[in-house]
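Reader: Hey, can you walk me through this one?

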Amino acid sequence: MENLLSRKWPITTRPLTRSLSVPGSERDWKELRKRIPGLPERDRATAPKLDARTILDILPSLTESNQIPLPLVHGFRSDVPIVRKLSARRIRRILGKSAASHVIQAVIDTDLVSDIVALLDSEDPDFQEEGSSIIANIVSGSNNQAKHVMEAGAIPRLIRLATSTTEDVADNSVWALANIIRDCAEWRDVIKEQRGIDTLANILKAANSSCKVKQTAVWALSSYIYSGFSPRMTLEKVEHLLPCITDYIKEAPVDSKSMNFLGYAVKALHRICSLGLLRSDLIHTGVVGRLVQLVSNPSTSALIKIKALRTLSYLVSGGDDDAQAAIDAGVVPALLVPITCGNKSTACRIAANIAVGPLAHALLLLEAGLLKPTIAILLEDTEDIWRRREACLVIANLTGKNEAGEVRQTLFKADVLQALCVALLIPDLNTRVIAVYGITNFLEKQPPEEAGMENDLIMADQATQGLAQKLSTVNLDENTIRQTSPSLAEDGRVPDVFVHAFRSNDSTISKLGLAKITKLIQTFPSRAVQPIIDTGLVPDIVTLLESDDPELQALAASTATNLACGTTQQTQIIVEAGAIPSLTKLAAATNEEMSDIAVWALANILADSGATRDEVENNRGMEAISSILESADSSQKVKRTAVWAAFCYLSPASIPKMTLSRAKYVLPSIAAYIRETSVDIDNMESIEYAVKALDRICNLNLPHSELAETEVVSRLVELVAYPSSSNDIKKYALRCLNHLVSGNDDDTQNVINAGVIPALLTVARSSTSELRYGACRIASNIAVGAPEQVQALVHSGFLEPAVTILLDVNADSKCRREACWVITNLTGWTNVTEVRQAVFETRVVQALLLDWRHPNGALGPEDSLLADLRGRRAPQHLRV
């Protein structure tokens, strides 16, 4: 099968910025660096004597080297209770200000985790509160970070403290359990085995539990019920939680403080229903009336309304008794608001299921005035196809009660027949079939005697017969399908023969139909997306991702990939159809082609928006992509696509913005790919994406030490120096290296030891402006480093190309400015003999005397430079 997949191209990253300072004294030259070097660490061997005042004077923040202040570490281990308590509080405040990954890691690196967990055994509620709060923040980090807490025995202690009479201790403990539940299936199941889930349920049931702790417990249970880890959650594991969840929904107030947690509870209830809960069990909880109230309440959040409607939709999709329970709770009049200006599709689905019941149910819908807004949805061309389809189903089901005079009269006055005839023109086969069903009901039921209706009936009869004839003449012969060209029809729709073939009960015909649709979107990747969506086949295509037939899976995955290349709204349809979990599973397939297509589809979804990116992450898609990059068994082809997916995940254009703590999850796999992948024609593009992805992580203020720990620095230098590397690889490798040399002198020395200076010299003499700019930028930061680093730069002869760039009036202004910064920083070292000699042997003075102006201002601080040079002693042979 041809691999004709389309990519989304995210917006490029932001340019680097530099904050400048005007040099004065020799010390000022050292402060041109963007980050002040960290202070040396104190000797850990001897713990100083500490008192409460000393601890209180320490700011609750990391040191410049991203560590917990040592006095706090020593204070935490102190035998003096008040010193220990204050130290724990300071550490807790450090985490509370920012529970970013590097902050969590700083706490772990103190080797205090076991001592922190031991605080949970204290009889002092203050120690319990500090310990549980610190643990709750630590387990919000990565799986590896949370593992330290679990291995220290935190889970049973947290479960015990979850029922503490001290509110903050109980709340922190429940919050920590919730974070652990969300971490992985292993620890989720450990909490269940140790009766942690039962404890959370008892908190909701207990009358003496505080509102605050109940809210956190609801969030924890919602996380458990909605767990997307493998093995998947089953009804048997969550059914016992139904009473406490429904009781909370019935009792929680609808106000700003409770809104989010009420949303978690309703979301959890909908999830339990979707796992196959008996509708009678839902009715027996007594929650149906409350769900209807939540739909009707104007103060209710959109999330609560959507999940409540979907739960009610599940209820009325059962038997007549189930629908009656919803009707008795007042669901029919409550639908009027969402069907007009809310979640129209779900509201219509509920109405359609009610309409198919007894005549009394249909009459209630008509009496509530739901017919008019339903017809408006059907006739509105700008409405989404699936909403119009649901509206058509409501009307068609109502026509099934046409023998009743009251129903017939109401439908006739509302011009239902005309609306159904209009529906025959909607480019969606399902909608048109439903419309035919509705029109047929009108023709076959007892005909009305109202005058003036004959023409409508004749028109409906003709339209129905015409469509029926058209449908009957579709030839589903295998040879005919094969010979039909995979192109759009004249009206821009997918040919009916492909749609009917796909829906055929004959597996061979159905596969041929899907193959034609797949070929169609490969041939017309931009034009065919919406027509395929309009067929209503997307949910069926997504379902085939779980097929046992590898060929069907591959065809469905390829189609889903190209559909996800469309607009955000089009991609959202794929996501709502449930494609992400199936694609994540296929990404780990042993079949190379299958895995590659699935990863490509995930990449397109990641590139679309922040919401779809988060959906992939929540369904463990990024975990699958990282595993592919780190696995020795993954093929190079799949790894190349996975790199692009990781690049899309890190897009700075998505809202909400990517955070460093999330981006660092893919850092090891990206760095490993850069280190281990050879630079050749096949891998060139993927290495570009990998280096760009690394640059995006650096732009999120990645600590310099963490970049150095990836051991990727030497490889980045090799990529800069390697003649076969593309200009993009060199450009973004230079940006990553510049991020590192903008740190302290040790960071700069790591880059120098990797051989960056000779590589910079080669790049600075190239003809590519962006590369010359990057080289000069790194050199300017080296030029404010330690004396031996400056001497290494001077000995390399870098001053000569820097002066050449500055004197070149045709050079890019950015390059000339950076070259000026190199010279500016080096002239601050003219008291060093080697530097002074190099400065006066090149054309530095001529370059600095150059009189030209940039549109945005002067080239650089020339006046300061010249004044500095005049004040320094020049060699005797200098002629002026």
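This is a predicted model: local features need pLDDT of at least 70, side-chain atom pairs count only at pLDDT 80 or more; totals for chains, interfaces and linings use all residues.

Reader: What's the secondary structure of the protein?

Author: It has 57 helices and 2 strands, taken as DSSP runs numbered from the N terminus (helices: H or I, at least four residues; strands: E, at least two).

Reader: OK, where's T710?

Author: T710 sits in the loop between helix 46 (704–709) and helix 47 (713–721).

Reader: Buried or exposed?

Author: T710 is buried, at 11% relative accessible area. Buried means under 20%, exposed over 50% and partly exposed in between, using a 1.4 Å probe and protein chains only.

Reader: And what does T710 contact, beyond neighbours within four places in sequence?

Author: L667, A671 and R675, where contact means heavy atoms within 4.5 Å.

Reader: Switching to E546, where is that?

Author: E546 is in the loop between helix 35 (538–543) and helix 36 (550–563). At 41% relative accessibility, E546 is partly exposed.

Reader: What joins the side chains of E546 and S582?

Author: A polar contact of 2.7 Å. That term means a pair of N or O atoms within 3.5 Å; within protein, one must be able to donate a hydrogen and the other to accept it, and residues adjacent in sequence count only if both atoms are side-chain atoms.

Reader: How far is E546 from K585?

Author: They are 39 residues apart in sequence and 9.1 Å apart, C-alpha to C-alpha.

Notes: Residues are numbered from 1 along each chain as its sequence is written. Side-chain values use heavy atoms; hydrogens and water are left out.
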